[in-house]
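Me: Could you walk me through the charged pairs in this model, in plain terms please?

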Amino acid sequence: MAAQGSSALPPLLWLLAAALCGAAGGAPSCHEVRTAFQLRQIGPLKLVPDVPTAESDLQICQHRAPTCCTKKMEESYQAAVRRERTQSIQALNFELKYMIVGHITAFQEAFESLLRSGENHTSSLLKTAYRPMAKEAAAPVKELFTDISLYILGAETTVESAVLRFFDSLFPLVYSRLINPGITDLSEDYTECLRLTRQDVNPFGRYSKNMVTELSKYLWASRMLSQALSLGIEVINTTEHAALTKECSKALVKMQYCPHCQGLTLIRPCVGYCLNVMRGCLASVSELDAHWREYISTLEYLTNEKAASHDLEIAVMGIWNSINEAILHAQLNGPQLSATVDKVCGQPRQQEGDLSSDNIVPVKEVTEAQTFMMAHTSLNNKRSSLPLKASKNDKSRSLKKISREFINYMKRSRTFYASIAERLCDGDLVMRDSSTCWNGEDVVESYTSRVVSNGLKAQINNPELKVRGLDPLISNLIDKLQHFNQLDAEKAKSKLGRWASQDLGSGGGRSEDVESSGDCDDEDGCQGSGDRIHTADILKDKKTHPENRNELKPTAKKIDTTTTTSTVKSSSKHSVTGNGNSPSPSDSLLILTALTVLWHSSL
């Protein structure tokens, strides 16, 4: 019986088709059906009858004539179409998934290589400029770069917490090895006191906050890119394994296997018929289209403008410069720092007699090393390329290239979810060059029913199946894509405006309070200033509640909290902002360099 709106074949053609099932003597047979059933591994061969039967309990492939199908075969056919549909979508997704997974691997390898280079660069220069503390500083440096790597990979941490934790660990070393090199009582209690004091006295001036700002400016894009790539894989995996509705399963069986019931194992669906069935089955998936297009635009922005830019390499390799300037600032304000620390933590024991040559470097050697390092850093900042460019085999060098190739491919996949039904109906599934095709009921010359477009709303008029609503899994994916795209758009807009205003209004002499106001936020990897805790309050709490400590008790003196706080703030103010007649940190560095040059000239 021909479907409505279809052009049925003449009875002669039906006889020819029936001959495909014919056996010797013209007796009807299901031999071809059994062969196809076995070759496609649809189910046990015993389910297929040897000859057509008058099966009356079929739910999908209902025909008046005798049939080669049974109800058990229909159930096997439904399982087969679910399996085949998953395999077909996986085949379409393979190249896209391969590109994303490959770029995740390449991105991680390139960035890890960049971080290793930055860590080695920082450690080697510390050994050159600050040998007394270089060995002990190795662990904090390693921890800093590990925290940066975890931040990039999406860990629940921030750039600010990583940087400030590093300077917390660095201050006891700078104080005891460079500012007061004779200290021998570097116990756990005293070290902890110095760590807490660092938060209040701000020995490193604005340089610690500058380091947070610089790293946050460029690392957030790498973090966003890492999250974007993971989200892309999630989208692909979810669409591959999305469950078929009962209506879709029945429609696919009717399209692909109901012809077999009549012995027509070689006939293929009409193009329009296939499009209607696939667009109905993939109505929820096609709703990803607009959000996927925006996601690709987000990837392009993150890849081209930020994560793959040379600025990222400059920021990572420039970590040493920030650390060096911070240490020099602390040394220049050594007397003020010592006075404040003595009030908070007490006076530690000083080593009498000659100091060990392993721990102390002559002042002349330290000054020469620092002057050399300042000149080295200045030259590095002026170079058009970093040491990463030296090796053609360096993986970090190829980050731009692999990112460019990746985004060029991803841009071609903008319409992936808008065209997935068409791609599934392409190839061997449909009859394009034949004069006949299957329309769901009969073999016809053409499919004349209405062909609907993509999308959930368009399926109201789909003549082949009913679509009840959006798949919850796809709905969840859409929410994630919307959130990510919106977050990135707001972030990019905020960044561009903030950096533009910073470039226009940048100037020297900003205090720590100004430096910490709004240059970066939580999404950058910065924490609010309210997270800071005053040293005196912590020490007082530990003194009052010794159970808060595991074993050790504080060695800090009992002091007047109000007096200490005001003293610390005053010392910090004079050492950081350079108000009044005190020279600013940048002027002090220039003076130090000039004096060193004059000293060497006089020798």
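Reply: Let me begin with a term: helices (H or I, at least four residues) and strands (E, at least two) are DSSP runs, numbered from the N terminus. This is a predicted model, in which local features need pLDDT of at least 70 and side-chain atom pairs count only at pLDDT 80 or more, while totals for chains, interfaces and linings use all residues. Residues are numbered from 1 along each chain as its sequence is written, and side-chain values use heavy atoms, with hydrogens and water left out.

Me: How many salt bridges does the structure hold?
Reply: There are 16 salt bridges in the structure, a salt bridge being a side-chain nitrogen of Lys or Arg within 4 Å of a carboxyl oxygen of Asp or Glu.

Me: Where do Asp-289 and Arg-293 lie?
Reply: Both are in helix α12 (residues 289–307), four residues apart, which is about one turn of the helix.

Me: Is Asp-289 buried or exposed?
Reply: Asp-289 is buried, because its relative accessible area is 16%, where buried means under 20%, exposed means over 50%, and partly exposed is in between (1.4 Å probe, protein chains only).

Me: What about Arg-177, which residue does its side chain meet in a salt bridge?
Reply: The side chain of Arg-177 meets that of Glu-136, at 2.8 Å from N to O. Arg-177 lies in helix α5 (residues 159–179) and Glu-136 in helix α4 (residues 131–152), so this pair ties together parts that are 41 residues apart in sequence. Arg-177 counts as buried at 16% relative accessibility, whereas Glu-136 counts as partly exposed at 35%.

Me: And which residue does Glu-143 form a salt bridge with, at 3.5 Å?
Reply: That partner is Arg-165. The pair links distant parts of the chain, with Glu-143 in helix α4 and Arg-165 in helix α5, 22 residues apart.

Me: Switching topic, what pLDDT does the protein chain average?
Reply: The average is 74, and 65% of the residues score at least 70; pLDDT is the predictor's confidence in each residue, from 0 to 100.

Me: Where does it stay under 50?
Reply: One such stretch is residues 1–27, for which the model has 41 contacts (heavy atoms within 4.5 Å) beyond four places in sequence. Over residues 353–397 the pLDDT is also below 50, and this stretch has 62 contacts in the model beyond near neighbours in sequence. Where pLDDT is low, the predicted coordinates should not be read in detail.
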